[in-house]
Amino acid sequence: MKILIACEYSGVVRDAFTARGHHAISCDLLPTESPGYHWEGDIFDCLKFHHYNFDLMIAHPECKYLCFSGERWITEIPGRMKLRLEAFEFFKELYNLPIKKICIENSHSIFLNREFKKPT
Ligand SMILES: C[S@@+](CC[C@H](N)C(=O)[O-])C[C@H]1O[C@@H](n2cnc3c(N)ncnc32)[C@H](O)[C@@H]1O
């Protein structure tokens, strides 16, 4: 399969799929920590370049502003709610991509459970 590991710089998931014979690409704003096929830059540029032609995408977007463990800071730190809403938009953009199989990994989030849906 042709697989995109979105928001990954470690290369761990990419390398696991590559070792099993898949064509796996990781993508992150940061350089990869492990030599391999890595797109350093924005995920949406990577997707456009590849014409969205992936069988599977596994994404690891930032959970900092969405997760339950950060809940109290949403009200205590000014500007945090705006960052949460931006993170939510990013999450939904990933979820709605025209790729047949999509898996998005994220921490436990009461916000996502309420505003989006529970993990499946
Ligand atoms: C929580 S980390 C996930 C790290 C991953 N588990 C790994 O092993 O490398 C979230 C990552 O999303 C990346 N990121 C945020 N916005 C991005 C974007 N627009 N395009 C690509 N990567 C992005 C960040 O640079 C960050 O490394």
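**Entry 1**

I began with Arg114, which counts as exposed at 54% relative accessibility; I took buried as under 20% relative accessible area, exposed as over 50% and partly exposed as in between, with a 1.4 Å probe and protein chains only. The model is a predicted one, in which local features need pLDDT of at least 70 and side-chain atom pairs count only at pLDDT 80 or more, while totals for chains, interfaces and linings use all residues. Residues are numbered from 1 along each chain as its sequence is written, and side-chain values use heavy atoms, with hydrogens and water left out.

I then looked up the partner of Arg114 and found a salt bridge to Glu115, at 2.9 Å from N to O. For this term I required a side-chain nitrogen of Lys or Arg within 4 Å of a carboxyl oxygen of Asp or Glu. Glu115 is partly exposed, with a relative accessibility of 42%.

**Entry 2. Other salt bridges**

How many salt bridges does the rule give? I recorded a count of six.

I examined Arg72 and Glu76, whose side chains form a salt bridge at 3.2 Å, N to O. Both residues belong to helix 3 (residues 71–76) and stand four residues apart, about one turn of the helix. Helices (H or I, at least four residues) and strands (E, at least two) are DSSP runs, numbered from the N terminus. For Glu76 I noted 46% relative accessibility, so this residue is classed as partly exposed.

I also examined Arg14 and Asp15, which are joined by a salt bridge whose closest N and O atoms are 2.8 Å apart. Asp15 is partly exposed, with a relative accessible area of 28%.

**Entry 3. Arg14**

Is Arg14 buried or exposed? I found Arg14 buried, because its relative accessible area is 1%. The residue lies in helix 1 (residues 12–19).

I next looked up polar contacts (pairs of N or O atoms within 3.5 Å; within protein, one must be able to donate a hydrogen and the other to accept it, and residues adjacent in sequence count only if both atoms are side-chain atoms). The side chain of Arg14 reaches the backbone oxygen of Ser34 at 2.9 Å. A polar atom of the Arg14 side chain also lies 3.4 Å from the backbone oxygen of Pro35.

With neighbours within four places in sequence left aside, I listed the residues in contact with Arg14, among them Ile5, Glu8, Ala24, Thr32, Gly36, Tyr37 and His38. Contact here means heavy atoms within 4.5 Å.

**Entry 4. Phe91 and Asn106**

I located Phe91 in helix 4 (residues 80–95). Phe91 is buried, since its relative accessibility is 7%. Beyond neighbours within four places in sequence, Phe91 is in contact with Pro61, Leu66, Ile104, Asn106, Leu112 and Phe116. Phe91 and Asn106 are 15 residues apart along the chain, and their C-alpha atoms are separated by 9.5 Å.

Asn106 sits in the loop between strand 5 (101–104) and helix 5 (110–115). With a relative accessible area of 21%, Asn106 is partly exposed. I found the side chain of Asn106 at 3.1 Å from the backbone oxygen of Pro61. The C-alpha atoms of Asn106 and Cys63 are 5.9 Å apart, although 43 residues separate the two along the chain.

**Entry 5. The ligand**

Which of the 13 residues around the ligand come nearest? I noted Tyr9, Ser10, Asp28, Asp42 and Ile43; a residue is near a molecule or strand if one of its heavy atoms lies within 4 Å of it. The shell comprises six nonpolar, three polar and four charged residues. In this grouping, Ala, Val, Leu, Ile, Met, Phe, Trp, Tyr, Cys and Pro are nonpolar, Asp, Glu, Lys and Arg are charged, and the others, Gly among them, are polar.

I recorded a distance of 2.8 Å between a backbone N or O atom of Tyr9 and an oxygen atom of the ligand. An N or O atom in the side chain of Asp42 is 2.7 Å from a nitrogen atom of the ligand. A backbone N or O atom of Leu29 lies 3.5 Å from a ligand nitrogen atom. Of the 610 Å² of accessible area that the ligand has on its own, the protein covers 76%, by the Shrake-Rupley method with a 1.4 Å probe; for residues, only the protein chains shown count as cover.

**Entry 6. Positive phi**

Most residues other than glycine have a negative phi. I found that Cys7, not a glycine, has a positive phi of about 60°. Cys7 lies in the loop between strand 1 (2–6) and helix 1. His51 likewise has a positive phi, near 55°, and is placed in the loop between helix 2 (43–49) and strand 4 (56–59). His51 is exposed, at 67% relative accessibility.
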